[in-house]
Amino acid sequence: MTTILLLVGSARPDSLNVRLSRVIESHLPEGVTASHFDIFSLPFYVQEGPDSPTPAPVEELRTKLRDADGVFITTPEYNYSLPGVVKNAIDWASRPMTPRHAFVGKPMNAAVATGSATNGIRSLVDLKRIWAACAGAPVTTFDFVLQQAFDKFVTDEEGRETLVEPARATMHFAVANLLRSIELDAGRNVATNWDAYVANLG
Ligand SMILES: Cc1cc2nc3c(=O)[nH]c(=O)nc-3n(C[C@H](O)[C@H](O)[C@H](O)COP(=O)(O)O)c2cc1C
């Protein structure tokens, strides 16, 4: 069984990104299951010493990241980048760095749902850039921005929420690319480099 951790960068009632995450979950192929973590349960990150107690939600996030085979993040774009709550979750997850933080080599794909007809891509690009810079393994092809998203959700014959075409095909492709990254162990070299880097820290 493959496990995908679903993270969402909005807690807005009727959030487009919450809806998109649910659509992704309900369309996961057989043999793939979802796990969940609410990043809004995290406190704001404050750098403290190694002996400081770790808040329970942070421990939970780190454990769920380690246990997942891959991560799928759906998030808004705020002011041409990713929302602070998503960055905050990454900051928590990226420490402690040694021997490996919670998402070293972890495949991740993402989508941005926005009401805008022109924006969204910068949030996705920044998110993937940061994930890669922290030695995660983001899926680089292709970018999934659900623009004019208020018009893109429909109900299928079985009564479940889905997306209109071609957005639905793009969603399947985004998930398939994440699953392929997991299957190919795309983060292997990144993790090996990380181990060498940590060994050199002395
Ligand atoms: C502070 C703020 C900044 C925003 N900046 C952008 C932006 O840069 N690009 C964009 O596409 N939408 C922007 N929006 C609109 C959001 O995309 C829109 O509110 C969207 O519905 C949020 O996602 P959600 O429905 O999942 O909450 C912004 C909204 C807020 C509140």
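Student: How many residues does helix α4 have, and how far does α4 reach from its first C-alpha to its last?

Tutor: Bear in mind that this is a predicted model. Helix α4 covers residues 121-133, which makes 13 residues. From first C-alpha to last, α4 reaches 18 Å, close to the 18 Å expected at 1.5 Å a residue.

Student: Which residues of α4 are buried?

Tutor: Start with the general idea. An α-helix has 3.6 residues a turn, so residues three or four places apart point the same way. Now the case here: the buried residues of α4 are S123, L124, L127, K128 and W131. These residues sit on the same side of α4, because they cover an arc of only 120° around the axis.

Student: Which exposed residues does the face turned away from the buried side of α4 carry?

Tutor: That face carries R129 and A133.

Student: What do the buried residues of α4 pack against?

Tutor: Their partners are the strands β3 (70-75), β4 (107-113), β5 (137-138) and β6 (144-146), together with helix α3 (84-93). Just after α4, A135 takes a positive phi of about 75°.

Student: Which residues of α3 are buried?

Tutor: Read α3 as you read α4. The buried residues of α3 are V86, A89, I90, W92 and A93. They line one face of the helix, because they fall within an arc of 160° when seen down the axis of α3. The buried residues of α3 pack against β1 (2-8), α2 (56-67), β3 and α4.

Student: How many residues does the largest nonpolar core have?

Tutor: The largest nonpolar core has 52 residues, and those with the most contacts inside it are L7, V71 and L146. Helix α5 (residues 167-183) gives the most to this core, with 7 residues. Take L7 as a case: leaving out residues up to four places away in sequence, L7 touches F37, I39, V71, I73 and A89.

Student: Why does V18 count as partly exposed?

Tutor: A residue needs 20 or more C-beta neighbours within 10 Å to be buried, and 12 or fewer to be exposed. V18 has 18 inside 10 Å, so V18 counts as partly exposed. V18 belongs to helix α1 (residues 16-26). Neighbours within four places in sequence aside, V18 is in contact with V8 and S10.

Student: How many residues surround the ligand, and which are the closest?

Tutor: There are 16 residues around the ligand, and the closest are S10, S15, N17, P76 and N119. By class, this shell has 9 polar, 5 nonpolar and 2 charged residues.

Notes. Residues are numbered from 1 along each chain as its sequence is written. This is a predicted model: local features need pLDDT of at least 70, side-chain atom pairs count only at pLDDT 80 or more; totals for chains, interfaces and linings use all residues. A residue is near a molecule or strand if its C-beta atom, placed from the backbone, lies within 6 Å of it. Ala, Val, Leu, Ile, Met, Phe, Trp, Tyr, Cys and Pro count as nonpolar, Asp, Glu, Lys and Arg as charged, and the others, Gly among them, as polar. A nonpolar core is a set of buried Ala, Val, Leu, Ile, Met, Phe, Trp, Tyr and Cys residues joined through C-beta atoms within 7 Å. Helices (H or I, at least four residues) and strands (E, at least two) are DSSP runs, numbered from the N terminus. Two residues are in contact if their C-beta atoms, placed from the backbone, lie within 7 Å. The expected span of a helix is 1.5 Å times one less than its number of residues. The arc is that of the directions from the helix axis to the C-beta atoms.
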